[in-house]
Amino acid sequence: MPAHDVLIIGAGLAGQRAALAAADAGASVALLSKVHPVRSHSVAAAGGINAAINPADDWRSHAFDTVKGSDFLGDQDAIEIMCSEAPGEVMHLEHIGVTFHRNESGELDLRAFGGASMNRTAYVADITGQAMLHVLYEQILKYSDRIDRYEEWFVTSLVLDDDGGCVGVVARDIRSGRMETFAAKNVILASGGAGQCYKPTTNALICTGDGIAQAYRVGAPLMDMEMIQYHPTTLAENGFLITEGARGEGAHLLNADGERFMEKYAPNKMELASRDVVSRAEQTEINEGRGVGEGGGGIYLDITVVDRKRVLEALREIVNIGRDFAGTDITREPIEIRPGQHYIMGGVKTDINGATPIPGLYAAGEVACVSVHGGNRLGANSLLDTLIFGRRSGEHAAARATGMAMPSLGDDQLRRDATEIDDIIGRERTGRRVSEIKEELGVEMNRNVAVFRDEAGLRNAHEIVRRLKEEAKSAYIDDRGTVFNQDVLGALELSFMLDCAEATVVAAIERKESRGAQFRTDYPERNDEVWLKHIDIGRNGDDVPEVSYSPVTITQWQPEERKY
Amino acid sequence: MAEAHKPPQDFTLRLRRYDPESGDAPFWEEHTIQLGPHRSVLEGILQAKARFDGSIGIRCSCRAAICGSCGVRINGQPGLACHTHLDKALAASRDGVIEVEPMGNMPVIKDLIVDMDAVHWKKIQRVTPWLINKEPIPEREYIVPRESMIDVTQSMACIQCGACVSDCLSMEVDPLFVGPAALAKAYRFVGDPRDAQQFERLKDLAEDPHGIFDCTHCFKCIEACPKGVAPMSQIMRLRRRATGDHHIVDRNNGERHEAAFVGLVKDHGLLWEAELLPRSYGGNNFFGKFAPPSALELIDSLPVITKALLRRKVTPMGALKPHKLPKDDLKQVKRIYDTVEGRDERIELNLYISGYDEDVEEAPA
């Protein structure tokens with residue numbers, strides 16, 4: 001049985017950063033991921049990473065922008081840590097090899113981004129996430145003697161001991177189908193978000209909320225799950241991401257009348273207001289009949305106003321996306337976009353060291369909710385979040401492992417999980433196809449739990465999710481094999497997604513106000529008196545999840561009206 | 001504007017299936033799917049997987065050509081399934097059916113899934129794929145020229161999909177060839193001014209008999225790459241840095257071969273094949289063929305030479321004299337050499353700096 005001081009699930013930016021930090025602290029480390037690390041969804045982050053590295057900037061300004069962006073739901077102690085540690089972290093990345101683009105003096109160049117009061121986004125063209133992920137993986141290869149890699153292994157369950165501490169996981173080697181129990185003094189979840197609960201989404205097919213559901217199933221509370229970010233610029237055709245960097249470089253949003261409508265909604269920041277504000281503005285234009293394209297369901301993003309040479313150098317990836325996936329040359333004509341599901345602010349509740357309330361279980365990155373994003377995440381803060389809290393989790397877990405005995409585990413959970421997998425593989429073809437249920441979930445979540453929400457729609461969504469959960473119990477698959485049986489993993493992922501979706505819907509029903517990404521047309525105002533608090537979701541067997549609250553940490557910024 | 005919203009139509013996919021547990025040989029299987037012509041081959045495969053057969057194996061994740069998971073061969077050409085439109089794939093098909101099979105040069109695990117660890121990742125590890133920092137490490141960022149970071153972005157843009165490895169002809173002949181993806185990765189460090197061991201890296205890859213001089217300029221990798229990394233161009237840049245900047249004379253004779261090639265074309269306007277080998281081994285002048293290493297190499301090559309003579313690829317008289325070019329043409333060739341060699345700086349072909357060819361033209365009003 002493999003045994004490590006620190007076992008990390010997921011190998012995107014948070015997971016790889018945690019692994020390097022834990023190894024640097026002297027721990028024995030394993031990095032386990034259901035895809036090869038460079039396929040992780042961090043690779044898709046385009047625009048950049050925020051840090052107050054300009055001498056004229058101040059991390060407090062970054063922190064305030066983040067607090068304001070969160071609609072005052074973010075925990076300010078965590079935000080202070082993230083923003084004050086950001087410059088050092090970006091410099092560390094530069095030192096290990098990230099090819100950040102430079103200004104004419106050879107220093108890191110900084111671009112404008114949404115909701116930020118000055119240019120503080122460091123970038124590598126518009127492949128920042130890819131560049132960072134690949135450079136971290138270079139380091140993981142360099143650390144081969146200190147970090148064991150389990151690439152293409154799928155975690156089925158977390159394992160707790162009798163005292164309720166997390167002592168390992170059960171996982172399946174995708175390539176051989178072999179199940180294995182992993183003992184660990186500490187487990188760090190870094191397995192990403194749950195965007196696949198929505199269709200369309202900018203998120204990759206692997207973003208199925210595995211870690212969120214696995215933690216929830218062993219009793220860890222989820223927080224801020226109602227806060228689902230719709231990105232203002234996703235391709236109308238298929239929901240692919242068009243980076244906020246485009247607007248950072250100066251692109252305009254236009255409605256059917258050719259009007260720069262953001263004037264009406266955010267006269268100061270215009271296109272660079274925070275994402276919830278811009279997405280709502282777009283959706284309002286569309287709903288009021290001023291959308292463009294087929295059925296008026298889109299908005300034009302006009303990048304032609306940006307210098308062409310600059311676009312080719314700094315936004316090359318979206319030039320390619322426009323050409324390859326929409327048949328549009330974005331340097332010569334506007335491209336049709338619309339708001340689309342992009343990020344979940346919520347996740348497994350953690351403290352500022354990434355620790356969850358379950359001893360030995362940590363979470364970092366999109367799977368976690370510290371909460372630094374509160375009701376709405378600022379662009380280019382997610383990469384920062386993964387690195388800062390990935391590193392802190394790794395360091396903290398390594399320290400916790402010191403002097404601790406390696407837990408010993410039986411194979412009870414392994415046998416349960418193996419049986420479940422065998423059951424799914426052996427199911428009669430009497431129920432629905434797994435793929436059908438997934439499709440219905442995505443479409444319904446996008447219809448009812450989107451930019452604008454109301455009680456009736458949310459209740460409807462909840463009923464649908466409950467029904468789909470029932471149907472999933474008998475849903476069937478085709479693949480009967482053991483080698484690369486992606487079909488059976490799809491069935492497990494569906495059950496994870498359904499848990500995440502239910503938590504989101506229940507929290508959205510609970511929050512009877514409008515704040516950040518949660519806009520209730522039946523409660524259109526923010527209500528600090530009642531709702532300046534986090535909603536926590538706890539598992540309640542097979543029944544509807546339990547709701548509780550936790551306070552928002554306020555250090556130096558009292559809630560005020562939010563205007564851009 | 002875009003042709004994006006065309007209605008769905010039928011496309012038939014012919015997928016190469018292989019089930020390692022069945023004991024059966026690989027076989028072809030056809031599925032007909034309905035999608036707009038602008039949608040991708042990957043979406044087609046995913047529709048077949050969702051509707052008809054969930055056991056179809058393909059790695060995929062982002063669907064937007066950034067994660068690098070879905071490298072396959074479509075109608076015999078390597079690329080990403082998510083990056084190939086159904087209509088274009090149909091147009092390129094032999095018989096109206098879009099053929100999808102696993103990538104080459106790597107063992108197949110199941111269906112369209114290949115073992116990248118066994119080949120691709122092993123080769124990446126070969127090039128010491130991490131930055132070896134110049135000391136001292138500054139407190140803030142390294143101050144480096146703006147262009148240098150844009151320059152390495154081209155090789156940084158590699159998503160490790162393996163499409164170039166799939167169809168690398170040199171690797172087919174020499175499986176030990178470090179290969180296009182790994183060498184592009186090597187350039188990412190050799191071109192990075194923060195790296196302390198550029199000379200050592202270049203020396204290592206020049207001395208390796210399967211290193212930078214093992215590439216035969218077939219352009220397959222440039223064609224295959226979905227991200228414009230142009231691996232072969234990166235290999236050529238490694239060579240120029242090794243020979244031109246660091247004057248590394250390697251035991252594979254790569255540097256001397258290149259010098260002989262360049263010299264012969266400069267003098268005669270065309271390559272003088274019979275002189276190439278002697279000059280590469282014996283010295284880059286007329287007397288090269290009389291040097292002992294050259295004689296040894298010539299004796300070694302006798303079977304090849306005999307065959308070429310028998311097949312009339314060369315004639316004894318032709319071998320003794322260089323090809324003749326009209327005087328004006330020869331002058332033109334010389335002029336090209338003068339221009340290129342007269343430049344203060346080498347101009348490198350790099351998409352991130354030079355942009356597309358069309359950028360030279362003015363945008364239509």
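Predicted model: local features only at pLDDT ≥ 70, side-chain atom pairs only at ≥ 80, totals over all residues.
Where domain 2 of chain A meets domain 3 of chain A, seven residues of domain 2 are in contact with six residues of domain 3. On the domain 2 side, the elements that give two or more residues are strand S11 (228–235) and helix H8 (275–287) of chain A. H8(A) supplies the largest share of that side, with four residues. By class, the domain 2 side that touches domain 3 has two nonpolar, three polar and two charged residues.

Chain A as a whole contains 16 helices and 21 strands. Its C-alpha trace spans about 65 × 55 × 50 Å along the principal axes. The radius of gyration of chain A is 22 Å, which agrees with the value near 24 Å that a compact globule of 564 residues would have.

The contact between the chains involves 56 residues of chain A and 54 residues of chain B. Five helices of chain A are listed among the elements that give two or more residues to the side touching chain B: H3 (76–96), H4 (128–142), H9 (308–314), H10 (316–326) and H15 (486–510). The largest share of this side, six residues, comes from H4(A). The residues on the chain A side divide into 24 nonpolar, 14 polar and 18 charged.

Within chain B, helix H3 (residues 117–126) and helix H7 (residues 180–190) have axes that come within 8 Å and cross at roughly 30°. Because angles under 35 degrees count as roughly parallel, H3(B) is roughly parallel to H7(B). The crossing in which H3(B) passes H7(B) is right-handed. From H3(B), the contact is made by B:His120, B:Lys123, B:Ile124 and B:Arg126, and from H7(B) by B:Ala181, B:Ala182 and B:Lys185.

| Side of domain 2 of chain A that touches domain 3 of chain A | two residues | three residues | two residues |

Notes. Residues numbered from 1 in each chain as written. Chains lettered and ligands numbered in written order. Contact = placed C-beta atoms within 7 Å. Nonpolar A, V, L, I, M, F, W, Y, C, P; charged D, E, K, R; others polar. Axes fitted to C-alpha atoms, helices over the stretch in contact; angles between N-to-C directions. Parallel < 35°, antiparallel > 145°, perpendicular 65-115°, else oblique. Left-handed = near helix turned anticlockwise from the far one by under 90°. Rg over C-alpha atoms; globule rule 2.2 N^0.38 Å.
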